[in-house]
Amino acid sequence: MQTRRGNTGFYLGLGFYFCLVISGVALQAVDNMEGNMTASEETIRHSSALCAGEQQYIDRRKEIVLQALNNLQINCNADLVPHIALVASGGGQRAAVSLIGFLYQLEKEAMLDTLLYIGGVSGSTWSMAFLYNDPQWSSNMDEAVSKLSGPGVELEHAVAWLTEKSKEEDFSLTDIWGVLTSAGIMKQMDKRRLSEEVSRNATNPYPVYCALEKHCYSHGPLQGKWFEVSPHEAGFTELNLFVETSLLGSKFHNGELMEKKPEMDMISLQGVLGCALAHEEVIGDVIPPWLNGPTDDVTKEYLRVYNVLRNLITLTSSTIQDPTALSELDKLQKILHDKVHHNESVLLESLSPEERKNLFQQWSVGLVRTVEIWGQGLEDGAFKTSVSFITKQVLPLILRWEWGTTSNFLYQFQNDSVPDCLQTKEEFHLIDAGLLINMAYPSFLGEKRDIDLIIAPESSAGIMFETLILARDYAAEVNKPFPQIDNKILEESDWPKNCYVFEGKEKEPTIIYMPLFNQQNCKDAEEVKAKMKEFSTFTLPFSQEKINFLLETAKTNMKNNREIVLREMRKAALRRMRKMSV
C-alpha cells in the first residue's frame, strides 16, 4: 500500500494467530527473559526469543533447507544452515499475483526449499493465505498458478459467510473486505484457522503475516505499531508480547483469559491484513477536481465513504457473472461518481466551518442512501436478496467506520512496556501494515529470527526504494541491525535496475531487492510509470490477461537474477559459519 509516507499495501484482507506450551488450563510462558511471571501473566508470553512451537518448526524446516542447499552445491551442515527469508511487499492484486509468479519460478529453479520464512504485508498476505490453504503448496506451484485462472466464488456464497459473521460482536468492514477479496480476487473461501497449521510438517517456509494496531499507528509509540501473526503466536513485534494465535480475539484482563472466543478464520484474517482503506487518508485516487488542494477532516470523511462504496461495488462485480446484475452495478457506480464529481465549490465558499461540516455529513449519508434506493429498485431475485443483506449490514458500518475490531489481550496488563494506547482499551483495531512500511521487514530484524539473507521482490507503488529507506529508519529507531542504504539510491527510483544487493557486514542481513518493473522489462521511466498505473493497487480485479502478464513478469525477474540469488545464498552460508564460530 502507499500513503503520504509512501507505502500502502492496500485493501482488505487477512488475520493472525500464535504459540505457547499448554499445561492443564493455564499457558506456561516459555523462555521468559524478564524473570519470574505472576499467575495473571501466564497466558501472555513476554520474551524476545522464539516460542517453542516456532522453534520446533524451524528446526525441522532446516533439514529441508539443508538438503535444498546441498543440491545447489552450497555445502553446509545441519548446525550452520543460513537463515533465508522471503519478505514480500504490499500492492493489492499486483503484489498478490506477482508473489505467486516469483515463488513459482523459485520452485522451478529448485530454490524454494532454501527459504526458512516467508513474511508478507497487505496484498502479499492474500497470496500467502491462498497458498497455505494447500499443505503441500511449495511442491505444487503449478496447481497454485492454475487456480488463479479458475472461476471466482459466487456472491451468494460470500453473502452466506457474511450472514453468519454478522452475528458476531466484532463484525466490521474488515470482514466485508476479507470475503470479497477472497472470493473475487483469490477465488477461494478459506474457512480454516491459521493455528491449525501448527500440526503440519515443515514442507513449507514458516509464514509470518503482518499488520498494524490502528490507534498506536496514529497516536502511539513505534513499539506499539507493528503486529505479527504466525501459526503459533500473535502479538507486538517490538514489545515482545504475544498470545497463542488461537486466543487472538479472546477477552483478557490484566493478562488473565476471561472469555475464550473462536479464532478468526483466514477470510477475516485476509480482511485484516489487506485493509489499507481502513486508514482515513487513503483517498488520493478519488478526490474530484473541484475538491483538489488541501482536504480537511470533514472532506476526508466524505471521500472515504465514497472510496469504500466504490471499491465494494467493484469487488462485488468480481463475484458475479449475470450481465443484468453487472449492468446494474455499473449504473450504481456511475450515479455515485456523478454525485461526488458534481462541482459544489461555489456553495462551500459561503459556509462557516460548522455549516461545512454538517453539509459534508449530509452528503456522506446521501451516498449511503443512494445505494439503499438503488437496491430497493432491483428486480426480485437472488441478486436483490444479496444486495439487501449487504445494504442492511454493511452500510451502517461504513458510516461508523468500523475496521479490524478485536479484543485487546493487553487490556489492563500490568507491564511497564505496554503503552497507554494499548493498556487502557478493551479492543484494538488491526489494519494494513503497508501503511507504515509496505514490506514485512520489521518481523525479520534482530536476533529473534536471526536472518542472514532477505530476498525482497518489490511490488509497491509510490517511490521505489522507499520501503528500504523506511525500514532502515525503523531499524535505527528500534536499535536493530540493517544494511547501509544511501539516500542517493532514490535517484534511480523512476527507472530502477532489476536487482540490487545491499550487503550486511556483520549482524545485518543482506537484502536482495528486486523491483517488479525495471530496466529489463521497461524501456524507460515513462513505461515504468505507465505499468504501475495500468496495474494500480486500487484497480481491481485484474483481467486474466493482466494476471498472466504479472505472473510472467515476476517469473522472468527471478529467472534473470538466479545467479545473483545463488551467489548471495553461498555468501549467507559462509556468514552463518563465521557467525557461529565467533
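**Notes on a predicted model**

1. Let's start with two cysteines: C216 and C421 are both buried. Keep in mind that you are looking at a predicted model. These two residues are joined by a disulfide, with an S to S distance of 2.3 Å. A search through the whole structure turns up one disulfide. In general, a disulfide is a covalent bond between the sulfur atoms of two cysteines.

2. Where does this pair sit along the chain? C216 belongs to helix α7 (residues 214-219) and C421 to helix α15 (residues 420-423), so the link ties together parts that are 205 residues apart in sequence. The torsion about the S-S bond of C216 and C421 is about 80 degrees, so this disulfide is right-handed.

3. Have a look at two further cysteines while you're at it. C210 has 0% relative accessibility, so it counts as buried. C76 has a relative accessible area of 15%; the cut-off for buried is under 20%, so C76 is buried too.

4. Next, find helix α3, which covers residues 123-132. How many of its residues are buried? Ten of the ten are, so α3 is largely enclosed by the rest of the structure. Among them are W126, M128, F130 and Y132, along with G123 and S124.

5. Now for the largest nonpolar core, which has 181 residues. The residues with the most contacts inside this core are L86, L103, Y117, L410, Y441, I455 and Y513. Helix α9 (residues 297-317) supplies the largest share of the core, ten residues.

6. Setting aside neighbours within four places in sequence, Y513 is in contact with a list of residues including Y441, A456, M464, F465, L468 and F502. That list also includes E458, T467, N498 and C499.

7. For some strands, go to β10 (residues 241-244), which runs antiparallel to β4 (residues 45-46) and is joined to it by two bridges. In that pairing, R45 has F242 as its bridge partner. Strand β9 (residues 233-236) also runs antiparallel to β10, with four bridges between them. Here A234 is partnered with V243.

8. Last, a word on confidence. The protein chain has an average pLDDT of 87, and 89% of the residues score at least 70. Over residues 1-41, though, pLDDT stays under 50. The model has 233 contacts beyond four places in sequence for that stretch. Where pLDDT is low, the predicted coordinates should not be read in detail.

Notes. Residues numbered from 1 in each chain as written. Predicted model: local features only at pLDDT ≥ 70, side-chain atom pairs only at ≥ 80, totals over all residues. Heavy atoms only, no water. Buried < 20%, exposed > 50% of the residue type's maximum accessible area, 1.4 Å probe, protein only. Core = buried A, V, L, I, M, F, W, Y, C linked by side-chain atoms within 4.5 Å. Contact = heavy atoms within 4.5 Å. Disulfide = S-S within 2.5 Å. pLDDT = per-residue confidence, 0-100. Pairing = 2+ DSSP bridges.
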